[in-house]
Amino acid sequence: MSQALIQASAPARVNIIGEHTDYNGGLVLPTNTAIFTRVTASPRDDRVLRVRSSTIGDTQSFSLDDLCPGETTSWIEYVKGVAAGLQQAGIALHGAELLIDSDIPLGAGLSSSASLELSVAKALLAISGESIADAALAQLCQQAEHNYAGVQCGIMDQYSLTCAQFGNALLLDCRSLHTQQVQLPTDIALILTDSGVRHSLTDGEYNNRAEECATAVALLAELVPSLGSLRDLNLEVLEANKAALNETLYRRCRHVITEIRRVQDTYEALGNNDLQKVGSLLNACHESLRDDYAVSCTELDALVECANSSDLILGSRMVGAGFGGCVLSVCRKDDAVAAAADIQMSYAAISGSRPWQHRVEPAHPARVENE
Ligand code: GLA
């Protein structure tokens, strides 16, 4: 066991495009930004994890010997889920004191949960003198969220936080788990503005969407036997078999199909340094999330409108799971300061207070700081 104080961190994930495609075997294009969950860990000589979150203002303890999901979905479930997953993977964990701090706004569409999972996982591994390959660690943390937090999330967040290298976006194929590092144009600026509205993924809407997609696949597979996931569907086949679905399921499928296409188009537009095109793809993504996938809300729609009313903004969309949280806007680097001020002013005028803003900055993936 390492006796030293361990410090681990994981950034926030900013999904450029590819929303609600990951659990449908689709494509996503996230990057990370330099706001972090930080974990300071020191070893204990028993089998207890005592965890203090200064962000939540709460301390909880549990034994590594009798781990099982709790009745409620408190923040500690994410930590328990990670510890349980590591032990199931054959890692001999040691008891520890963990102090968690974060400057990632919670529930704002920036994967604060995955960032907590990965920073805790890195700290626990380091303090126990063990390691796991990043891709396997990402999957283990996803399972922690499924089994302990009750959220049937996809793999995007955990992969982004482990595999997107400093300053890059990650083109991830969520079916094959093939990854490609994508350099962002030097001229691009990405601005996040918080709507101030909060979602909780544990409140069921997220799992509902995943279930709707699974239902659509089951219904369509009776007519199109080769269909394994919505990734295998295209608009022609969807239209031809529309009668098998109700309007809601049809729209969910249409979002997933068009969104996967938008990921490919955004990847190309980034490669061509065509920021105008990236902006219009972000706008189209927002419309699809609002109208077909129904995961936006009044405040997010208003914030997108405020952002796009600035001449300097090339496009905007809600980011993450939805039902609140942040809007992501794209502009040219030289315009970033003025564009951010434009958004702040127009949203403050309708919401009554200055929203939290953050300019996306290169970040290292989840790591142990003092290894
Ligand atoms: C959350 C989930 C991800 C993904 C997004 C929506 O962040 O954790 O897996 O599904 O929502 O794209």
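This is a predicted model: local features need pLDDT of at least 70, side-chain atom pairs count only at pLDDT 80 or more; totals for chains, interfaces and linings use all residues.
A polar contact, as I use the term here, is a pair of N or O atoms within 3.5 Å.

I'll begin at the ligand. An oxygen atom of the ligand sits 2.9 Å from a polar backbone atom of G154, so the pair falls within the 3.5 Å cut-off. Two side chains also come up. A polar side-chain atom of E19 is 2.7 Å from a ligand oxygen atom, and a polar side-chain atom of Y206 is 2.6 Å from a ligand oxygen atom. On its own the ligand has 300 Å² of accessible area, and the protein covers 97% of that.

Which residues surround the ligand? They are R13, E19, H20, D22, Y23, C153, G154, M156, D157, Y206 and A321. Sorted by class, this shell holds five nonpolar, two polar and four charged residues.

Next, R252, which is in helix α7. Is R252 buried or exposed? It counts as buried, because its relative accessibility is 9% and the cut-off for buried is under 20%. Its side chain makes a polar contact with the side chain of E212, at 2.6 Å. Setting aside residues up to four places away in sequence, R252 touches R209, E212, D292, Y293 and A294. For a sense of distance, R175 is 77 residues from R252 in sequence, and their C-alpha atoms are 19 Å apart.

Helix α8 runs over residues 275–291, which is 17 residues. From first C-alpha to last it reaches 24 Å, close to the 24 Å expected. Which of its residues are buried? L275, V278, G279, L281, L282, C285, H286, S288 and L289. As background, an α-helix has 3.6 residues a turn, so residues three or four places apart point the same way.

Last, a residue in a strand. L98 is found in β5, residues 96–102. L98 is buried, because its relative accessible area is 3%, against a cut-off of under 20%. Leaving out neighbours within four places in sequence, L98 is in contact with V39, T40, A41, R50, V51, R52, V79, V120 and L124. A84 is 14 residues from L98 in sequence and 16 Å away in space, C-alpha to C-alpha.

That's the tour; questions are welcome.

Technical notes. Residues are numbered from 1 along each chain as its sequence is written. Side-chain values use heavy atoms; hydrogens and water are left out. Helices (H or I, at least four residues) and strands (E, at least two) are DSSP runs, numbered from the N terminus. The expected span of a helix is 1.5 Å times one less than its number of residues. Buried means under 20% relative accessible area, exposed over 50%, partly exposed in between (1.4 Å probe, protein chains only). Contact means heavy atoms within 4.5 Å. A residue is near a molecule or strand if one of its heavy atoms lies within 4 Å of it. A polar contact is a pair of N or O atoms within 3.5 Å; within protein, one must be able to donate a hydrogen and the other to accept it, and residues adjacent in sequence count only if both atoms are side-chain atoms. Accessible areas come from the Shrake-Rupley method with a 1.4 Å probe; for residues, only the protein chains shown count as cover. Ala, Val, Leu, Ile, Met, Phe, Trp, Tyr, Cys and Pro count as nonpolar, Asp, Glu, Lys and Arg as charged, and the others, Gly among them, as polar.
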